[in-house]
Amino acid sequence: MPATVKPIARVWVDSGVFHLDSPYDYIVPARISDHVDVGVRVQVPFNGREVEAIVLERLDESAVTGTIHQISKLLSIHPVATATSLHLIEEVAKHWASTPMDILRSAVPARVASVDKSFTCSTYVSTKLPISAGARSFISFDPGHQAEEDLKKIVLEKVSKGSVLVIAPDVRDIDVICKLFEIDQIAYIRLDSSLPRIVRYENYLKAMNTQNCIVVGARSAVFTPISDLASIIVHKESSHEHFEIRTPGWNVRDVVDIRREREGVETIYMGYVPSLELSLLIENRTLTYVNHPHRLNVKAFSSIDGALLPGKIFSEIRKGLLQGPVLFLTPRKGYGNALLCAHCKNLAMCRCGAKLIVSSKGAAPICSLCHTTYPEWCCSWCQRDRQYLAGRGIERAGEEISRAFPGVALILSYGEVIKSSVENTPSLVLATPGAAPTVRGGYAAVVVLEALKFFAHPDLRAQERARELLFETAAMVNTSGSVCLSIDESHPIVASLIRWSPGAMVRRELAERMEIPLPPYVSSAVLAGPTKEFSVIVDGLRKSLDEKRLPGEIKIYGPIDIGKGQSKVVIYCPMQDRAVLAQFLHELQRRRSIAKKEYLTIRFDPYSL
Ligand SMILES: [Zn+2]
Ligand SMILES: [Zn+2]
């Protein structure tokens, strides 16, 4: 028997098929009618199978002619989405040329039957959508203490106005934040994939139904509908962890901005240095930049002849060691990451074509790819056997530094052996990026070894990442300590750190990018697919450009073979044409889906190209 009131439910079906992503209508049986509400999960018959679906709305009648099937089963009485959050999911799907179900899968945790039974307080209050968008700002962390202390302060300030959602890059960051709340006995709800399934689902339902709460989660939590949500805080905004790995690769910054516009939520991005995307908004004065004045004691030492510790840096380190621990940031893990012939400087290679490395002192050279060892290594060019180790890794740097400061404890933090904190006693602490231990009261000195290396990566975000890393590392020094960089003093990072303001450096990079133009002045998309069909696909794209079915300003680079039978093209497109391109690629994918062809990988504005 169909329900007497609004007997039709419109749903999204989890069909797993790209071109079947539009809503479908089903009859609501009277026996479950009371529970079939927006955001509730049901089971429906679809193409001869039983699949999961989510209710979008209830209707008086359907526009569909022909047979309408009946919902088979109510899967849970608890709504896991609201009209607003479903709209957000639809918008994100459109923006990234994907399907709503693909987004929903990361937005909503999996069901757990025992939680469905025990959870009682479904009290979601749907607030009216505001007329205007929320404010947005970037607040930069201060040096001299843990970044999360600044974050906590902001959270406590904002929670008086309504719920606060904090999105942090990874489990380690979430742990730190949660611990700070626990110290002060502040209640919070945690939402990330490190939780057991049962806890995650329960917390998700709690977050939906609690007023004035603090929710701390990783990127997927950005979709959580929270009834009185007032602010979203994005911790370490420029982190690559804020980009979803699975297709379609949406990112937290852009999803948050959609919520800010639609739901009027205040948005606060936090970090040391804003990403280029946010920097552009700051330049255009559509985002407020908050940075407290500080002056750091920063010294640059240029290294001649590749010495790890440029001569004059020694006295600074010695001075630091009288006070407490000294932190050394080093670019690479390992020992000797490249091997050269000491005589002719020929790079030592394996027969497989990969380079040889040396994994510890006195060890035989070994291939970095196939692990063949070369105990009797000699130069393939001049046949001499004297080795010259290049690409100094943290273990070798540790040896050299320890030799320079004998009798001082040496602590290494990298790879599998990351230390979260060290004692505030004189010691040499070496760490690779992201692995620096904290110390109560700050380091007596911070030394950045081979600092130029951090800027030398070949991807578009290298400068952005290096700035954030160097500011973050410099922030670990105590208020009277010094920051020493092994770099030429004319490098703009030196002045930026002294003034604790990256503005000039960021503006310079923005100016260069506007010239070309590169992101963030254009939108980017990466399209990948099977090599054997790719030239046809690319020809189709180019033809669409010629025939003006795609805006003429769009530029296509490639195809490039990326191995495993796949190729890709990189597409740059003016901001105002992004929606047209997204729709075009969505249509391309839809047609391939109908023709039962292999799906393409479509990534809009990825972290890296
Ligand atoms: Zn090899
Ligand atoms: Zn040689």
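How many bridges join strand β14 to strand β21? The points below answer this and describe the surroundings.

1. This is a predicted model, in which local features need pLDDT of at least 70, side-chain atom pairs count only at pLDDT 80 or more, and totals for chains, interfaces and linings use all residues. Residues are numbered from 1 along each chain as its sequence is written, chains are lettered from A and ligands numbered from 1 in the order in which they are written, and side-chain values use heavy atoms, with hydrogens and water left out.

2. Strand β14 (residues 326–329) and strand β21 (residues 428–431) run parallel and are joined by 4 bridges. Strands pair if DSSP finds at least two bridges between them; helices (H or I, at least four residues) and strands (E, at least two) are DSSP runs, numbered from the N terminus. Within this pair, Leu329 stands opposite Ala431 in β21.

3. Both strands belong to an open sheet of 6 strands with parallel pairing, in the order β13-β24-β23-β14-β21-β19. Because β13 (298–300) and β19 (410–413) stand at the edges with a single partner strand each, one side of each is left without a neighbour in the sheet. On average, neighbouring strands of this sheet are turned by 20° against each other, direction ignored.

4. Helix α9 (residues 313–323) lies across β13, β14, β21, β23 (443–448) and β24 (477–485), and runs at about 150° to β23. Helix α11 (residues 462–474) also packs on the sheet, where α11 touches β14, β23 and β24 and makes about 170° with the direction of β14. Contact means heavy atoms within 4.5 Å; axes are lines fitted to C-alpha atoms, for helices over the stretch in contact, and angles run from 0 to 180 degrees between N-to-C directions.

5. Elsewhere, the axes of helix α4 (residues 147–158) and helix α5 (residues 171–183) come within 10 Å and cross at roughly 60°. The two helices α4 and α5 are therefore oblique to each other (angles under 35 degrees count as roughly parallel, over 145 as roughly antiparallel, 65 to 115 as roughly perpendicular and the rest as oblique). Glu148, Glu149, Leu151, Lys152 and Val155 in α4 meet Asp173, Val176, Ile177, Leu180 and Phe181 in α5.

6. Two cis peptide bonds deserve mention. The bond from Thr247 to Pro248 has omega near 10°, and Pro248 lies in the loop between β10 (229–234) and α7 (252–263). The bond from Pro519 to Pro520 also has omega near 10°, with Pro520 in the loop between α13 (503–515) and β25 (522–530).
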